[in-house]
Every structure is written in C-alpha cells, then in structure tokens.
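Q: I would like a close look at a single part of this protein. Please keep it brisk.

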Amino acid sequence: MNAEAIRDLIRTKLRAGRLPRDSTPRAFRRPGNWQKCAACEETMHKALLMMEVYLLTNEKVVRFHGDCYTLWNEERRALES
C-alpha cells in the first residue's frame with residue numbers, strides 16, 4: 001500500500017476514533033510480532049520494525065509498522081492544529 005493510501009486510512013480512523021489522537025509519551029521499537037498494524041492493517045513480520053505505543057489515557061497498546069507510525073504521528077498532529 002502506498003503512503004498516500006495509508007494516510008487516507010489513518011485520517012479516516014482518526015476521525016472515527018479508531019486510532020488515538022492524543023500525544024504518546026512512550027513508544028518503543030521492536031521486531032514485528034505477527035500482529036496487524038493499527039494503521040494499514042497489514043501483518044508485521046519479524047523482519048520489520050514495529051512501534052508499540054503506550055497511551056497515557058488507558059492501558060491499551062497500539063502497534064504500527066515503523067513507517068505507519070511516522071505517518072500516524074504526522075496526521076494526528078495535523079488534526080491538532
């Protein structure tokens with residue numbers, strides 16, 4: 001999936017409340033764990049970088065591909081301004 005398609009998907013999920021919009025004080029890089037990326041919904045294979053985001057508002061963990069994490073950060077910040 002190309003970056004613009006992922007951005008569109010992220011914006012839709014942000015507006016629908018399916019992805020968090022608040023700031024993320026804790027994010028950790030790890031190898032993929034075969035779960036689905038919260039942004040693009042593709043499987044995160046072990047060979048790929050995965051970002052685990054721990055939100056302050058609850059104990060939910062949101063996982064992204066490294067590139068999808070960057071796109072999500074950009075899009076959520078754009079909505080804040």
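In what order do the three strands of the open sheet lie, and is the pairing parallel or antiparallel? Please take me from there to what packs against the sheet.

A: The model is predicted. The three strands form an open sheet in the order β1-β2-β3, and the pairing is antiparallel. β1 and β3 are the edge strands, each pairing on one side only. Neighbouring strands are turned by 25 degrees against each other on average, with direction ignored.

Take the pairing of β1 with β2. These two strands join over six bridges, in the antiparallel sense. Phe 28 stands opposite Glu 52 of β2.

Now the helix on the sheet. α2 lies across β1, β2 and β3 and runs at about 110 degrees to β3. Its buried residues are Gly 66, Cys 68, Tyr 69, Leu 71, Trp 72, Asn 73, Glu 75 and Arg 76. The buried residues of α2 pack against β1 (26-31), β2 (49-54) and β3 (61-65), and also against α1 (3-16). An α-helix has 3.6 residues a turn, so residues three or four places apart point the same way.

At 1.5 Å a residue, its 15 residues (66-80) should span 21 Å; the end C-alpha atoms are 22 Å apart, which agrees.

Last, the setting. The protein chain has two helices and three strands. From the N terminus on, they run α-β-β-β-α. The radius of gyration is 12 Å, close to the 12 Å that the globule rule gives for 81 residues, so the chain is as compact as a globular protein of that length. Buried residues make up 38% of the 81 residues.

Notes:
Residues are numbered from 1 along each chain as its sequence is written. This is a predicted model: local features need pLDDT of at least 70, side-chain atom pairs count only at pLDDT 80 or more; totals for chains, interfaces and linings use all residues. Side-chain values use heavy atoms; hydrogens and water are left out. Helices (H or I, at least four residues) and strands (E, at least two) are DSSP runs, numbered from the N terminus. The expected span of a helix is 1.5 Å times one less than its number of residues. Buried means under 20% relative accessible area, exposed over 50%, partly exposed in between (1.4 Å probe, protein chains only). Contact means heavy atoms within 4.5 Å. Two strands pair if DSSP finds at least two bridges between them. Axes are lines fitted to C-alpha atoms, for helices over the stretch in contact, and angles run from 0 to 180 degrees between N-to-C directions. The radius of gyration is taken over C-alpha atoms; the globule rule is 2.2 Å times the number of residues to the power 0.38.
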